[in-house]
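Please open the model in your viewer and keep the sequence panel beside it.

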Amino acid sequence: MTDWKAIARARGLAIPEADVEKIAPRLDALEAAFRPLAVKLTPDQEPAVVFHADPESE
Amino acid sequence: MTIGEAVRALRDGRISSTELTREALAQIERLNPKLNAFITITGESALEAARLADAELAAGTDRGSLHGIPIAHKDLFFTRGVRTTCGSKIYEHFVPDHDAAVVEKLMVAGAVSLGKLNMHELAFGITSTNPHFGAVRNPWNPGHIPGGSSGGSGAAVAAGMVFAATGSDTGGSIRIPAALCGVVGLKPTYGRVSRFGALPLAFSLDHMGPLTRSVRDAGLMLNAIAGHDPRDPASVSRPVPDFVPEPHCDIRGLRIGVPDAFFFDRLDPEVEAAVRRALAEAERLGAIVKTVRLPDVAAINAAGMVVQFAEVAAVIEPHFTNRDQFGKDVLALVDQGRFLTAADYINAQRLRRQAQLDFREVWREVDCLITPTTAIAAPRIGETMVKVANREEEIRSATTRLVRSFNALGLPALSLPCGRTVAGLPIGLQIIGRPFGEPLILRVGAALEDSGVTIPTCTLD
């Protein structure tokens, strides 16, 4: 299991430990759903958000 | 009465905008204490606008189908000189010095604004049980939630306080209250309607759109608010067609896709039965209803959630220091976003782009999709868990899991009422189209509505 309290402390998130405990199951669920998808991405897969040098041409 | 019916009565001189506005204000005075749909009521300026609308019509100036029609705005749209709270303590005293693009366009179209509508705090939630401005209640049963985040918009339209309301939809926030309140809700294609002047929740997922009493009324509202706006970097320069379906519109030969997985897997049986009846009606009207395989919707939902949480965290960051100003549920969601990394966000956006490309295949097979809007009808206020198909589920998940992916994909989606539960609560179905395919989904919606796929008007006393 991921130690969300330790992550919160390390990143200086200033979230009370009791609050981290409450959201931990949701964080675990999102991690379980998202992480396996992210590791399958290949370098050619671009993000949906791209930068335009000329904002007028977007 | 729909906007279409009011337009005819106004032009025939059978009623004036002032009379319509007075009736709407009387309805608000009678029902708002029960439903708490409005945060701010602007009765005086509404009557002034209505008198001007009448004078213009009498002088031969006709601004079109919304001229003199009473509406209201979700309280996240900037309204010049009128407090805009976003249902939040953060913006409790915020009075904008300009109007949102949507507000501006509806004003130019002659609509009469009656005020600002209650909503889920910061538009981040689906109950509209607002800790700062009070819970919005469902007109079909005030013990139940109206859905959210545009809960005040759904309740006000369902209760006949206004003909139409504006809403925003980041993960279902127009379609969920539309389904739970038994009204029509349209989330247009991303880029179709300007986001300028709407307080953001998640920049790349926020969509602005209407909630109305009929499908054609949604088309009328979209006619007024669609179009390119250089002030919104996501706004798209595309021709704006007439979105209002013609009378007796035809859907013969249209290919309607029914997803083979995910959307019908875990539903309240009454919801499933109502949506299947509507599909049978579409088939009777000559549409070709076929099963279709979609890309992995659960994966799109996961990517969409990461994008949403990360963008929300960025928007809310300046306010993190004062945790007391947030409701508990919103704070929990905001905190989740703070655990995500930059790489998570970018990877979610990469997954989103792939899903968008994969979805192109779907549009080769079908012209639109039909699914339930939510897995359940409106739960009771205060409930957080619900049993769906013998499995305990968070209400947030049961109401968002069928709608969220279409925010990530930016596709247009229309929710319309298709039945009621034995307990009398509305059930909604969702019609999804290809990018900028609003005319087609509105046509399908109107054809179904014309053939009786609808519910009676809510009569709350």
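A residue is called buried if 20 or more other C-beta atoms lie within 10 Å of its own, exposed if 12 or fewer do, and partly exposed in between, with the C-beta atoms placed from the backbone. Helices (H or I, at least four residues) and strands (E, at least two residues) are DSSP runs, numbered from the N terminus. This is a predicted model, in which local features need a pLDDT of at least 70 and side-chain atom pairs count only at pLDDT 80 or more, while totals for chains, interfaces and linings use all residues. Residues are numbered from 1 along each chain as its sequence is written, and chains are lettered from A and ligands numbered from 1 in the order in which they are written.

**Before selecting: confidence**

The predictor's confidence in each residue is its pLDDT, which runs from 0 to 100. The mean pLDDT of chain B is 97, and 100% of its residues reach 70 or more. For the complex, the predictor gives an ipTM of 0.92 and a pTM of 0.97.

**Stop 1: helix 8 of chain B**

Select residues 269-284 of chain B, which form helix 8. This helix of 16 residues reaches 22 Å from its first C-alpha to its last, close to the 22 Å expected at 1.5 Å a residue, where the expected span is 1.5 Å times one less than the number of residues. Which residues of helix 8 of chain B are buried? They are B:V271, B:A274, B:V275, B:A278, B:L279 and B:A282. These residues lie on the same side of helix 8 of chain B because they cover an arc of only 140° around the axis, the arc being that of the directions from the helix axis to the C-beta atoms. An α-helix has 3.6 residues a turn, so residues three or four places apart point the same way.

Now turn to the face that points away from the buried side of helix 8 of chain B, where the exposed residues B:P269, B:A280 and B:R284 are carried. Two residues are in contact if their C-beta atoms, placed from the backbone, lie within 7 Å. The partners against which the buried residues of helix 8 of chain B pack include strand 9 (255-259), strand 14 (413-420) and helix 14 (438-450) of chain B. Just after helix 8 of chain B, select B:G286, which takes a positive phi of about 105°.

**Stop 2: strand 7 of chain B**

Next, select residues 184-187 of chain B, which are strand 7. Both of its faces are covered, with B:V184 and B:L186 buried on one side and B:G185 and B:K187 buried on the other. Two strands pair if DSSP finds at least two bridges between them. Strand 7 of chain B is joined by two bridges to strand 8 (residues 207-212) of chain B, and the two run antiparallel; here B:V184 stands opposite B:T212. With strand 14 of chain B, strand 7 of chain B pairs in the antiparallel sense over three bridges, and B:G185 stands opposite B:S415.

**Stop 3: where chain B touches chain A**

Show both chains together: 22 residues of chain B are in contact with 22 residues of chain A. On the side of chain B that touches chain A, two or more residues each come from helix 9 (297-316), helix 10 (328-338) and helix 11 (342-365) of chain B. Helix 11 of chain B gives the largest share, nine residues.

Keep helix 10 of chain B selected, because eight of its 11 residues are buried and it is largely enclosed by the rest of the structure. What covers its buried residues includes helix 2 (17-38) of chain A together with helix 9 of chain B. Leaving aside its neighbours within four places in sequence, B:V334 is in contact with B:V312, B:A313, B:I316 and B:F326.

**Stop 4: two loop residues**

Finally, select B:N36, in the loop between helix 2 (17-35) and strand 1 (38-41) of chain B. Although B:N36 is not a glycine, it has a positive phi of about 55°. Then select B:F436, in the loop between strand 15 and helix 14 of chain B, where phi is near 65°, a positive value in a residue other than glycine.
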